[in-house]
Amino acid sequence: MAFELVSDYQPEGDQAQAIGKLAKSLAAGNRHQTLLGVTGSGKTFTMANLIALHGKPTLIMSHNKTLAAQLYSEFRNFFPHNAVEYFVSYFDYYQPEAYIPRSDTYIEKDSSINEEIERLRLSTMGSLLTREDTIVVASVSCIYGLGSPEDYENLMVPVWSGQQLTREAFISSLVGMMFERNDSAFGRGKFRVRGDVVEVHPAYLDETAIRVEFADDVVERITSIHTLTGNKIELLEKHTFFPAKQFVTPGDKMRHATVEIRKEADAQVAKFEHEAKLLEAQRLRMRTDYDLDMMAEMGYCQGIENYSRHITGRMPGERPYTLLDFFPRDFLLIIDESHATIPQIGGMYEGDKSRKTVLVEHGFRLPSALDNRPLRFEEFMQMTGQRLYVSATPGPFELTNSRPENRAFIAVNTKDAAGRTLPASQRRIRVTPSGNLEPIEKFDPTRRGTPLVVEQIIRPTGLLDPVITLRPLKGQIDETIELCRQRVELHQRVLVTTLTKKTAEDLSEYLQGTGLKVRYIHADIDAVERVEILRQLRAATVDVLVGINLLREGLDLPEVSLVCILDADKEGFLRNETSLIQTAGRAARHLGGECVLFCDQVTDSIQTLLRITSERRARQQAHNEEHGITPQSVKRALQHSLHTHEKEREQANLLNRSLVADNMEAYDKLRVISELEGEMRDASSRLEFERAAHLRDQIAALQNPPTHTPARTVKYPPRKKH
C-alpha cells in the first residue's frame with residue numbers, strides 16, 4: 001500500500017527543493033543524506049513528503065521520548081490511512097540492577113511498566129510483520145534487545161471464517177502466545193470461554209476484543225466487540241492474533257535454553273572456586289538455581305532477559321534481536337535532531353557493559369548476561385541502509401559521511417563485527433583537520449553513491465534569524481537588567497543563559513530584587529515543574545527565565561524575543577558552535593528576535609555563529625523581497641497547566657492532593673487513589689508523560705503520606721445512600 005499524505009499545506013520556501021533533492025538521492029541508492037534545516041523551516045513536513053515519495057517502511061528516531069511523542073502525533077495527522085506506530089521505553093520508572101563493590105551494596109532491579117506504551121510497542125511489532133505501509137517513531141530504546149521476530153511470527157495465529165479449527169486447539173494456541181484465561185476480569189492479554197464462544201482481548205488493542213464462535217470444530221463467525229459493553233462493532237472475515245508479550249519463545253527452545261544455562265553456571269562456579277572466590281561461587285549458584293526453578297514452574301523469572309542469549313539460541317558475542325530486525329531490509333531511517341541522537345546511540349553500549357561487568361565479576365550474573373545489551377554503533381550501522389539525518393546543527397559524523405568533499409577520508413572500524421580488534425594491516429585511518437592520523441569507529445565504510453547535504457534555510461513564515469549583538473563582559477549583569485526591562489515593557493519574554501547552577505540561582509534572585517518577574521530552570525528542577533515554568537513564561541506570569549542550557553530541542557517559545565548569553569567567550573560544551581546556534585535559535589520564532597552575546601573576544605564558535613546567521617538572514621531577506629512576503633511572528637496556543645485539573649477538583653471541595661490527611665477514612669483514600677490511577681492511565685494513553693508522572697507521584701503520596709509535615713483534615717461532601 002502506498003503512503004497517503006494528507007495535509008492542507010503545500011511545500012513552500014526551501015521545502016520543495018529539499019524534498020526534490022533528497023528524493024532523488026534516495027532513489028539513486030545513496031546511504032547518507034543530511035537535511036540541514038533551521039528552526040521553524042518545516043522539517044517535519046519535509047520528512048512527511050519524503051516518506052510519501054520514497055514509499056518504503058520508515059523508522060524515525062529521536063533522542064527524547066517527549067519529542068518522539070510530538071513527532072508521533074504529527075505523523076499520525078499526516079498519514080491517517082497508514083500505520084503510524086510509537087515505540088519507546090515502556091518503563092515509567094526503571095532502576096537497573098547494579099552492584100557497588102566499594103560499599104558492598106547490591107541494588108535490585110526495580111521498574112514500573114506503562115501498560116499503554118507496552119500496547120503501542122506490541123502494535124508496532126504486529127504492524128511491521130503484517131503491513132508494508134508502516135511508519136515507526138521511536139526513541140533510542142529501539143536498539144535494545146527484543147524477542148526474536150522469527151519466534152514472534154511463528155507464534156502468530158491467523159483465524160478465518162469457515163476454518164477447520166477446534167476450540168481446544170485455539171485455546172492451546174492462545175496459551176502458547178502468553179494469553180491468560182480469566183473469565184471474570186477481562187483485560188488486555190486475556191481471554192474468556194463461554195461454551196463454544198471464545199472472546200480474546202489482544203494486548204495491542206485498547207477497547208476492542210475479538211469474539212470467535214465455533215460450531216462442529218469450524219470457525220463459524222468472527223466479530224469485533226467493545227470490551228466493556230460487549231456490543232458488536234464489526235463482522236470480520238479473518239483476524240490474526242499476535243502474541244500477548246514482546247518476549248515469547250516456543251517450549252522446545254526454552255527447554256534447550258535451561259540446559260545451556262545450567263552448563264554455563266557450572267563452568268562459572270568452577271572458575272570462581274578455582275580462584276578461591278567462594279562467596280561469588282555460592283552467590284551465583286543460589287541465584288541460578290532459583291531462576292531455573294522459577295522458569296521450570298512459571299515459564300519466567302525475575303531478570304529473565306539476562307538469559308536471552310540462551311533463550312534465542314545466539315552465539316557468545318552475537319548481537320541481540322532488536323526492533324530493527326522486524327523491518328524489511330530496505331527500510332528508510334530518519335534520525336531527528338541527529339547531532340544529539342547519534343552520540344546517544346554510540347554511548348549506550350559502553351554504559352550498559354560497564355554496569356553488567358561488575359555484576360558478572362562478583363557472581364550476581366552469568367557472563368552471558370553481557371549479551372543482553374543494546375547494539376554497538378557499528379552493528380547499528382550495518383543493520384540500517386539508507387539514512388536521512390535531520391538537524392539545524394549536524395554533527396561531525398553526519399557531515400563527514402554526507403559531504404562529497406569528505407570522500408577522500410579513508411575510514412574503517414578498528415574492530416570487526418564480533419568486537420575483535422583488527423590487526424594493524426587491516427585497520428584504516430583518516431587525516432583529522434589538525435593533520436593527525438586517527439582511527440575512526442563511527443564512520444560508515446560501506447557508503448556508496450554521492451552523499452548529499454541539503455539546506456532548508458528559508459522559512460515559510462518569512463521570519464529571519466535573530467540579530468546577533470556583541471557586548472563586553474564588563475557590566476554584563478547591569479546590561480542584562482536594562483535589556484530585560486526594555487523587552488518586558490513591550491510585553492515580550494527573555495531567556496538568559498549562565499554557566500553554572502549557582503550563577504543561575506544567584507542571578508535569578510538578584511533580578512527579582514530589581515522588580516522583574518524571574519524564575520530559574522536547571523536539572524535539579526523536576527520535569528513536571530520545568531514544564532510548568534515554561535508555561536508560566538509563555539503566559540507572562542514570568543518575564544525572564546534564567547538557565548544553564550536552554551538549547552533543548554523542541555523548546556518552542558514564540559513569545560521570547562531576546563536571548564542573552566553570559567560569558568559567551570568561555571569556549572566549551574555550553575559555548576561551542578552547536579550550543580550557540582541552538583540557543584540563538586530560541587529567539588527565531590519572534591519578529592523582533594535578538595541574541596546578545598557578552599564577550600571580550602570573538603571565539604571561533606562566535607565567529608561561526610555570526611557568519612552562519614548573516615548568510616541565513618541575507619537569503620531569507622532576498623526570498624521575502626522576491627515573493628513579497630511580510631514576516632510574521634509564530635503564534636501558538638498556550639498549553640494547559642499540568643495543575644489545572646487539580647485546581648478544578650479543589651474547587652469541587654474534594655481533595656488538596658499535595659497534603660494527605662492522616663485520619664482520612666480508608667474508603668475515601670482508596671476511592672481517590674482509584675480515580676487518580678484512572679487519570680494516570682488516560683494521560684499515558686494521550687502520551688502526556690509529564691502529567692502521568694505527576695499523577696503517579698500523587699498516588700504515592702496518598703499511599704505513603706508524609707510524616708514530617710502537619711496533616712490537614714479534609715471534609716468530603718456526604719455520600720449518597722443507595
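**Entry 1: a strand pair and its sheet**

I began with strand β12 (residues 197–201) and strand β13 (residues 208–214), which pair in the antiparallel sense over 4 bridges. This is a predicted model, and I read every value below with that in mind. Within the pair I looked up Glu 199, and found that its bridge partner in β13 is Arg 211.

**Entry 2: helix α7**

Next I checked the length of helix α7 (residues 251–274), whose 24 residues should span 34 Å at 1.5 Å a residue, and whose end C-alpha atoms are 35 Å apart, which agrees.

Which residues of α7 are buried? I listed Met 254, Ala 257, Ile 261, Glu 264, Ala 265, Gln 268, Val 269 and Phe 272. To read such a list I kept in mind that an α-helix has 3.6 residues a turn, so residues three or four places apart point the same way.

**Entry 3: Ser 391**

I turned to Ser 391, which lies in strand β18 (residues 386–391). Is Ser 391 buried or exposed? Its relative accessible area is 0%, and because buried means under 20%, Ser 391 counts as buried.

Leaving aside residues up to four places away in sequence, I found that Ser 391 touches Leu 35, Leu 36, Gly 37, Glu 337, Ser 338 and His 339. With His 339 there is also a polar contact of 2.7 Å, which joins the two side chains.

**Entry 4: the chain as a whole**

Last, I looked up the totals for the chain, which has 20 helices and 27 strands, and in which 49% of the 722 residues count as buried. Among contacts with a separation of 6 or more, residues 24 or more positions apart account for 74%. The accessible surface comes to about 34600 Å², and 51% of it belongs to carbon and sulfur atoms.

How values were computed
Residues are numbered from 1 along each chain as its sequence is written. This is a predicted model: local features need pLDDT of at least 70, side-chain atom pairs count only at pLDDT 80 or more; totals for chains, interfaces and linings use all residues. Side-chain values use heavy atoms; hydrogens and water are left out. Helices (H or I, at least four residues) and strands (E, at least two) are DSSP runs, numbered from the N terminus. The expected span of a helix is 1.5 Å times one less than its number of residues. Buried means under 20% relative accessible area, exposed over 50%, partly exposed in between (1.4 Å probe, protein chains only). A polar contact is a pair of N or O atoms within 3.5 Å; within protein, one must be able to donate a hydrogen and the other to accept it, and residues adjacent in sequence count only if both atoms are side-chain atoms. Contact means heavy atoms within 4.5 Å. Accessible areas come from the Shrake-Rupley method with a 1.4 Å probe; for residues, only the protein chains shown count as cover. Two strands pair if DSSP finds at least two bridges between them.
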